[in-house]
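Work through the exercises below with the sequence and the 3D view open. Try each task before reading its solution.

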Amino acid sequence: MADPSPPRVVDGATHNGIPTTTLEGAYPPYVGTLSIGVGTADEAPLQMGITHLAEHLVFRVLDETIPPRAEGITSAHTLEFSVTGTPAEVAAGLNQIGAVLAAPHFDPNNVDRERRVVRAERGGGGVFGAGLLTYRYGVGGVGNAHHTGEPATSYLTAPDAQQWISTWATRSNARLHFAGPVPAGLNVQLPERPVPARSVSVPLVTRPSLVESGKGGVALSLLVDAGLAPILRDVVVHDLLRALRHDCGLIYSVIPEITGIGEGRAQLDFVLDPVEDDVARTVEEATLALRRIARDGVSAMGLARTQTGWRNDLDNPYAWGRYLDAATEADLQGFPRPPEPPDLLRIIETITPHELTKTLADALGSLLVAYDETEELRDGLADELGLVLDDFSPWRPATSRRPRRWTARARPTGRYRRRVMLGVADTVLWRRLRDDWETLDLTTLALVGLCPDGALELMDGRGRACVLDLDDWNGGERFREAVLAATPHTIQRDMSLFHD
Ligand SMILES: [Zn+2]
């Protein structure tokens with residue numbers, strides 16, 4: 001029988017100078033976790049993916065000497081290593097991980113293999129893969145956490161990853177937590193040095209928007225009060241399921257996700273899974289449903305069910321494990337900790353549907369709706385829904401006169417020769433498709449990737465990307481040189497590792 005009284009969080013201890021938290025009264029599984037305060041949000045655009053790659057390389061060093069139930073997780077704000085097992089196994093595993101973090105030395109021969117593993121883990125695909133956080137925050141901050149492309153993994157080296165670990169894996173930027181007492185024999189030693197200052201991510205999209213996405217399905221995103229985010233998450237999931245699954249038959253599930261942004265704010269996302277034919281209707285029904293919930297009120301049933309679920313979780317060791325992870329992340333960021341499970345239950349038992357509804361209504365100004373861009377939406381739908389249409393493309397319809405002098409121009413060979421053109425003049429890229437002219441401001445780019453076949457992969461600061469594939473174009477080579485001459489050398493990277 002499980003212990004009926006909830007575990008107790010005990011803080012205040014240190015281990016070799018690392019702040020350490022334990023759960024008293026918890027029962028198996030016994031887990032020990034070493035968290036480092038660095039994540040994808042700390043990566044500059046040219047470093048996107050370095051934390052994840054470094055995590056893989058740490059395990060590559062340990063190889064088969066690490067206990068079998070050890071894992072690493074890279075998130076927006078933390079790099080977390082946890083070991084499950086007997087106290088002796090947990091101590092031994094964390095000691096080994098700590099030793100690698102304290103003096104990282106990665107074999108360059110493993111970098112290429114782990115880069116492939118990372119690529120397989122994220123499901124293949126291209127160098128660019130923006131998600132909800134990217135749409136709102138761009139790249140080079142918390143937006144990286146939803147960017148699945150991790151372009152930097154194509155050119156990062158072993159010394160880059162070593163440097164990254166050495167910079168961030170320090171005593172005061174680390175935390176230990178255990179689902180029970182600190183194990184005997186634990187000896188994690190990290191060096192002490194100051195870590196770089198963290199920047200606060202600022203939303204780049206500030207009006208409710210409908211975003212064309214490279215991902216399948218439909219998703220909704222809001223900025224909310226971080227403390228109320230878990231309650232809002234569970235109640236809104238319930239109410240969206242009622243509206244979109246039960247009443248409309250459009251979806252099977254609503255997968256929610258919360259990401260802390262700092263300053264008491266969190267992004268709350270709901271990923272919906274309609275079949276392709278239902279994408280357009282789901283965009284409409286989901287937006288209307290969310291607005292209806294914010295106007296007419298969250299359901300008493302959703303609130304009651306959330307309360308029951310949380311009451312049942314009070315002695316659930318996984319719920320406490322999730323709490324410890326979240327509290328540790330908050331400590332490392334210098335954010336206030338989330339409420340402990342019993343406190344959260346007290347909040348949800350006293351909050352009124354009216355208060356929760358108001359929180360949701362206040363968040364609607366930050367609404368983003370993303371949908372699979374391969375599906376056609378009805379003309380004017382964005383307007384009807386009061387959303388700004390965002391094609392998430394780095395190209396803009398041309399608003400200025402075409403240049404008199406081109407630095408270089410290229411045209412495809414063959415039948416489209418007269419209708420298609422790429423040109424560069426000063427720092428502006430021009431594109432003609434039939435009678436439409438579009439421009440791309442090269443000064444907004446964050447990355448210019450050079451592919452071995454001569455193609456250029458361009459990504460701007462919002463994470464919007466395109467590929468210039470100049471294979472078999474007349475003037476392609478000169479055009480490519482002109483683009484490279486018009487962009488800073490410091491943002492150009494050889495992507496051949498990714499393309500081999
Ligand atoms: Zn991984």
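A residue is buried if 20 or more other C-beta atoms lie within 10 Å of its own, and exposed if 12 or fewer do. The model used here is a predicted one.

**Exercise 1. Decide whether valine 58 is buried or exposed, and describe its surroundings.**

Solution. 
- Step 1: Find the residue. Valine 58 lies in helix H1.
- Step 2: Apply the cut-off. Valine 58 has 22 C-beta neighbours inside 10 Å, so it counts as buried.
- Step 3: List its contacts. Leaving aside neighbours within four places in sequence, valine 58 touches Gly72, Ile97, Val100 and Leu101.
- Step 4: Check a residue elsewhere in the chain. Histidine 246 is 188 residues apart from valine 58 along the chain, and their C-alpha atoms are separated by 46 Å.

**Exercise 2. Compare the span of helix H1 with the expected span, then say which of its residues are buried and what covers them.**

Solution. 
- Step 1: Take the length. Helix H1 covers residues 50-62, which is 13 residues.
- Step 2: Compare the spans. From first to last C-alpha, H1 reaches 19 Å, close to the 18 Å expected at 1.5 Å a residue.
- Step 3: Read off the buried residues. In H1 these are Ile50, Thr51, His52, Leu53, Ala54, Glu55, His56, Leu57 and Val58.
- Step 4: Find the cover. The elements over these residues include strands S4 (70-74) and S5 (79-84), and helices H2 (87-102), H3 (108-121) and H5 (158-168).

**Exercise 3. Repeat the analysis for helix H9.**

Solution. 
- Step 1: Compare the spans. Helix H9 (residues 317-333) has 17 residues, so at 1.5 Å a residue it should span 24 Å; its end C-alpha atoms are 24 Å apart, in agreement.
- Step 2: Read off the buried residues. They are Trp320, Tyr323, Leu324, Ala327, Thr328, Glu329 and Leu332.
- Step 3: Find the packing partners. The buried residues of H9 pack against strands S2 (18-24), S3 (31-36), S6 (174-178) and S9 (254-262), and against helix H10 (341-350).

**Exercise 4. Which faces of strand S3 are covered, and which strands does S3 pair with?**

Solution. 
- Step 1: Count the buried residues. In S3, six of six residues are buried.
- Step 2: Sort them by face. Val31, Thr33 and Ser35 are on one side, with Gly32, Leu34 and Ile36 on the other, and both faces are covered.
- Step 3: Take the pairing with S5. Six bridges join the two strands, which run antiparallel, and serine 35 stands opposite glutamate 80.
- Step 4: Take the pairing with S6. Here S3 is joined by five bridges, again antiparallel, and isoleucine 36 has alanine 174 as its bridge partner.

**Exercise 5. In what sense does strand S7 pair with S11 and with S12?**

Solution. 
- Step 1: Locate S7. It covers residues 209-213, and four of its five residues are buried.
- Step 2: Take S11 (residues 368-372). S7 pairs with S11 in the parallel sense over five bridges; leucine 210 is partnered by valine 369.
- Step 3: Take S12 (residues 388-390). This pairing with S7 is also parallel, over three bridges; valine 211 is partnered by aspartate 390.

**Exercise 6. Describe the largest nonpolar core.**

Solution. 
- Step 1: In soluble globular proteins, nonpolar side chains tend to be buried together.
- Step 2: The largest nonpolar core has 124 residues, and Ala161, Leu232, Leu272, Ala286, Val369 and Ala370 have the most contacts inside it.
- Step 3: Name the main contributor. Helix H6 (residues 229-247) gives the most, with eight residues.
- Step 4: Examine one member. Beyond four places in sequence, the contacts of leucine 272 include Gly217, Val218, Leu244, Ile251 and Ala286.

Notes:
Residues are numbered from 1 along each chain as its sequence is written. This is a predicted model: local features need pLDDT of at least 70, side-chain atom pairs count only at pLDDT 80 or more; totals for chains, interfaces and linings use all residues. A nonpolar core is a set of buried Ala, Val, Leu, Ile, Met, Phe, Trp, Tyr and Cys residues joined through C-beta atoms within 7 Å. Two residues are in contact if their C-beta atoms, placed from the backbone, lie within 7 Å. The expected span of a helix is 1.5 Å times one less than its number of residues. Two strands pair if DSSP finds at least two bridges between them.
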